[in-house]
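Biologist: Please take a close look at one place in this protein, and then tell me how the rest of the chain is arranged.

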Amino acid sequence: MKLRLCFLIILLSLFISICAQELPAEEIHMVEMRDGIKLATKVYRPSGGDGPWPVILALSQYGKGNRQESENVLSKRIARVVQDVRGTGGSEGHYDMMASNGWGEKQDGYDTVEWILAQPWCNGKIVTYGGSALGMTQILLAGTGSKGIVGQLIDVACIGNDLCCYTGGVLRKLFVESVTGWYRDKVQTLNTVRSHYTYDDYWKTQNLSERADRVNWPVVLKTGWYDIYHQGAIDAFNAIQSNGGPKARDNVHILIGPWGHEGSCGAFKYPQESWKDEWPYRFKAQWPYQEIDYWLLDTPAPDDIPTIKYFTMGEYPVGNSPGNEWGTSKIWPPEDSKLVPFYLHTDGNLQRTKSDPSQLSYEYDPRKPVPTNGGQVIFISAGAYDQRVSEKRDDVIIFSTPPLKEPVEVTGRMTAVLYVSTSAVDTDFTAQITDVYPDGRSMILTHGIRRLSFRNSYEKHELAIPGEIYRLEIDLQSTSMVFNTGHQIRVAISSSNSPWFEPNPNTGIPNDSISNAVNATQTIYLGGENASYINLPIRETASYVGDYYLY
């Protein structure tokens with residue numbers, strides 16, 4: 001019996017030894033940055049041989065991952081490197097919303113790539129990948145123009161870190177406080193974000209629009225119509241397509257689907273086909289194999305890859321109505337989208353023609369803000385939700401088209417151009433677009449906000465003169481949507497959207513406490529020289545769209 005037990009133990013030991021030899025090598029390095037701070041960096045190398053191999057890199061605030069996540073990539077004879085960004089996980093330093101990965105005094109992403117390229121197991125080819133925070137580190141790294149990068153897979157990320165934290169000059173309060181609250185330096189990080197409330201040099205070293213010419217490799221982006229970063233992802237695509245290096249301009253692609261940052265589309269559940277697409281992302285356990293093969297293993301790429309593939313949403317539940325299908329384009333917005341103004345009328349109508357001069361007013365109380373209900377948000381319910389409860393408030397003014405005589409496809413970027421005045425020295429104005437169903441449901445499509453003190457530039461804070469009329473443009477971001485026959489297009493105007501955005505206390509003091517808030521009388525001007533309107537990008541060549549709303 002003892003001999004048999006000893007024999008089994010020996011066999012088990014040999015089995016473990018053999019398995020251990022087959023497991024990929026896993027090492028943790030403390031990689032030193034230019035300022036002496038060391039970042040925890042986990043390296044997985046294929047078993048058998050010393051390389052050199054191509055490398056797939058992730059710069060993460062979510063942890064360094066594990067061996068199991070790496071096995072499929074390693075089986076292709078590709079090394080994997082995952083790093084805890086500064087101030088997270090095992091890395092030293094202060095977490096700064098990943099600002100240290102940009103091109104300011106600290107350039108952690110650039111320094112990490114240089115370290116990888118110097119390793120004997122790297123063959124000089126690096127692909128970066130990941131979504132959300134891992135997408136943002138890629139955007140920041142892209143602006144450094146690092147050598148050795150041959151491709152980037154950027155999922156749900158934004159052109160600039162400033163736009164992660166601010167929209168229209170207004171703090172994304174729920175987002176920023178939630179994200180900074182995860183880390184050991186939360187107070188310092190939050191104070192840093194708040195102190196940079198203008199678009200200053202701090203943000204300029206984190207916005208790819210300032211350095212798109214440094215990108216000189218293929219890039220694939222992915223986003224969704226209800227993603228918190230969707231317009232920022234489209235802006236990144238446009239910046240690279242227009243101003244990127246020669247290897248990037250014709251090799252940048254974007255996929256835009258009917259989903260939010262974490263997948264949810266609210267009350268609407270689009271067909272399963274909308275979540276699966278053959279290109280540009282083929283996921284298996286979240287690993288985008290196809291692009292890795294093109295860029296790292298030199299497999300031939302197909303020649304029919306669309307530059308832009310986007311999902312046009314439509315009526316829900318999905319029936320025989322138009323929309324709810326994929327489309328392609330070479331540019332954004334598509335060439336056949338035409339901006340059409342729809343004017344706000346005193347009687348609540350939204351029409352193609354201007355009205356006589358008039359105005360509407362409401363009282364904005366920062367202590368009783370309009371509650372956030374869906375849209376492009378995270379940490380609360382995102383996507384399409386019914387807005388009828390909020391639309392009944394006294395501080396919300398709604399304008400709707402008559403029931404549509406024919407379907408209208410809106411594909412492109414929307415804006416609200418408002419002529420406004422206020423009794424305060426500073427305040428905010430909001431706008432949101434909804435699809436009103438024949439049964440009365442008012443389903444949010446997109447929303448926007450703009451601080452009046454940033455009416456001319458995000459670089460300069462300019463207080464308002466109470467009672468003076470100002471032109472204020474609110475970005476309502478991009479979409480692709482078919483408003484079906486019998487539906488109505490609606491715009492709702494107000495001054496708050498909380499907790500997603502921080503309510504403006506109307507005092508004119510940046511970061512002032514809500515306890516100091518004062519009420520403001522807000523006035524929207526309609527008709528004549530001060531005719532407020534929204535610009536809708538109507539796709540005029542869609543087979544189901546006539547010319548009724550175009551001319």
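Biologist: Where is the place of Trp-182?

Modeller: Trp-182 lies in the loop between helix 6 (173-180) and helix 7 (186-195); helices (H or I, at least four residues) and strands (E, at least two) are DSSP runs, numbered from the N terminus. The model is predicted, so local features need pLDDT of at least 70 and side-chain atom pairs count only at pLDDT 80 or more, while totals for chains, interfaces and linings use all residues. Residues are numbered from 1 along each chain as its sequence is written, and side-chain values use heavy atoms, without hydrogens and water.

Trp-182 counts as partly exposed because its relative accessibility is 46% (buried is under 20%, exposed over 50%, partly exposed in between, with a 1.4 Å probe and protein chains only). Together with Tyr-62 and Phe-379, Trp-182 forms a nonpolar patch on the surface, with about 330 Å² of accessible area in total. Such a patch takes residues with over 30% relative accessible area and no salt bridge, and joins nonpolar side chains within 5 Å and like charges within 9 Å; a salt bridge is a side-chain nitrogen of Lys or Arg within 4 Å of a carboxyl oxygen of Asp or Glu.

Now the whole protein. It has 12 helices and 25 strands, and buried residues make up 59% of its 551 residues. The accessible surface comes to about 22,200 Å², by the Shrake-Rupley method, and 51% of that surface belongs to carbon and sulfur atoms.

Helix 4 (residues 133-142) is mostly covered, with 10 of its 10 residues buried. Its buried residues pack against several elements, including strand 5 (122-131), helix 5 (161-165) and helix 9 (230-243), where a contact means heavy atoms within 4.5 Å.

Strand 19 (residues 408-422) is also mostly covered: 14 of its 15 residues are buried. Strand 19 pairs antiparallel with strand 22 (residues 470-483) over 12 bridges (pairing needs at least two bridges found by DSSP), and there Val-408 has Phe-483 as its bridge partner. Strand 19 also pairs antiparallel with strand 25 (residues 533-539) over 4 bridges, where Ala-416 stands opposite Ile-534. Another 4 bridges join strand 19 to strand 24 (residues 520-526), again antiparallel, and Tyr-419 stands opposite Tyr-525 there.

An open sheet of 4 strands has the order 18-23-20-21, with antiparallel pairing. Its edge strands, strand 18 (397-400) and strand 21 (442-451), each pair on one side only. Within this sheet, strand 20 (residues 428-436) and strand 23 (residues 488-494) pair over 7 bridges, and Thr-434 stands opposite Arg-490 in strand 23.

Note on methods. Accessible areas come from the Shrake-Rupley method with a 1.4 Å probe; for residues, only the protein chains shown count as cover.
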